[in-house]
Amino acid sequence: MSPNNPIARFFNAIPFIMQVIIGLILGIIIALIYPHDTTVMPALGSLFVSALKAIAPLLVFVLVSSAIARHNKGTKTNMKPVIVVYFFSMILASVLALSMSYIFPVTFPTLADAAQDIAPPQGISEVLINFVMQAVDNPVNALLRGNYVAILVWGITFGLMFRVAHEPTKLVLDDLSQTVAGVVRIIIRFAPIGVMGLVYNSCTQPGGFANLINYLQVVLVLVATMLLIAFVLNPLMAFIICRKNPYPLVFKSITQSAVTAFFTRSSAANIPMNLALCERLKLPKDTYSISIPLGCTINMSGAAVTIVIMTMAAVRTLGIEVDFASALLMCIASVLCACGTSGIAGGSLMLIPLACSIFGISNDIAMQVVGIGFIIGVIQDSTETALNSSSDVVFTAVACRQIEVPADFEDPINKA
């Protein structure tokens, strides 16, 4: 659509976040008026998420390969500080979650009624082995399945090999990355419509938000902890590192990244959003083209919070006495496990049985806790994904010490 088209001018005049909010409101209104649609409205959300998931693996691969192929020895990528900040933030998040579980003790009143027939990993060693096995997956299979661990490994490997290629070859790779990024921007333009479909589906699915009533206290503790991390802990870390006001960056990350991540419930699907945001924040491409997909894989503060609070709720429900050393061990385990969660909806829930095993809780009971997690996932998993995804942008900017929002910052949607 031409920029001079009246319709295009009308939509471009509306800030992107307002377009998303309008889509959200319309989704709720349509769900209230006509909640019986099982085709068109749910399909809008599914098509949007599917499109993002389809293009994201290729985007990550070409961006990582291109960034490393163009990298000069004198160029600083800031990856070491990014990784350090990622892990340190997860440790602090898990400790905060443990503190919140003691300050606001919660239990599961219907624990016996939520069994799920799902096989969890049996130990930390299995999680780590699975993580390594993912890294050596067939590159074509990794792109097809969205295996971001393998995509990162192969992207880095190809990028290193392309560094000795002729300059025209590097230019072709760079042109390919720009082309894929352009396709992503086209998909992002449809985010308001996609959000409308996703909200409609959430409001009309069996049980919907009514399922949250039985577990309202647990949901409140989970959400409150994640909000504290997003608005207090993360900004505090950013301020300590950079000695600058972090909140303009935090608010931009929340509005431009967390909002879409909340509704897609997939860190992987939100990678294109984060890459576009980093571009508009003028962060170094050599850094964010690697740190954003890496964060989708290992930066999982929200997952650590979910594992700790859900496990402690199960412990308290069963009347198990837990000493501080055991609880701290569980926090460390939750951080290690969180790094192995996949960037898809509900990934962290599958590692709750592993944390429960530290306290001798049987697998049958632990899987009931997982079942409860799926019930409250409409809020828990959405908030967790929003925290994880927006934190990737914040910590990338912090590692680059560029936490001030540029004066000429523009909404990424208007660039398409």
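C400 is accordingly in no disulfide, the nearest cysteine sulfur, that of C278, being 8.4 Å away. C400 counts as buried at 12% relative accessibility, where buried means under 20% relative accessible area with a 1.4 Å probe and protein chains only; C331, with a relative accessible area of 1%, is buried too.

The model is predicted, so that local features need pLDDT of at least 70 and side-chain atom pairs count only at pLDDT 80 or more, while totals for chains, interfaces and linings use all residues. Residues are numbered from 1 along each chain as its sequence is written, and side-chain values use heavy atoms, leaving out hydrogens and water.

Helix α3, residues 40–70, reaches 44 Å from its first C-alpha to its last, close to the 45 Å expected for its 31 residues at 1.5 Å a residue; helices here are DSSP runs of H or I with at least four residues, numbered from the N terminus. At A56, α3 bends by about 30°, and the proline P57 follows within four residues; the bend is the angle between axes fitted to the seven residues ending there and the seven starting there.

The structure also holds three cavities of 30 Å³ or more, a cavity being a set of points on a 1 Å grid where a 1.4 Å probe fits but cannot get out. Among the lining residues are N234, S253 and L387.

Note on methods. Helices (H or I, at least four residues) and strands (E, at least two) are DSSP runs, numbered from the N terminus. The expected span of a helix is 1.5 Å times one less than its number of residues. On a 1 Å grid over the protein atoms alone, a cavity is a set of points where a 1.4 Å probe fits but cannot get out, and a pocket is an open set with protein on both sides within 12 Å along at least five of seven lines; lining residues have an atom within 4 Å of a point. Grid points are joined across faces, edges and corners, and a volume is the space filled by probe spheres set on the points. Buried means under 20% relative accessible area, exposed over 50%, partly exposed in between (1.4 Å probe, protein chains only). A disulfide is a pair of cysteine sulfur atoms within 2.5 Å.
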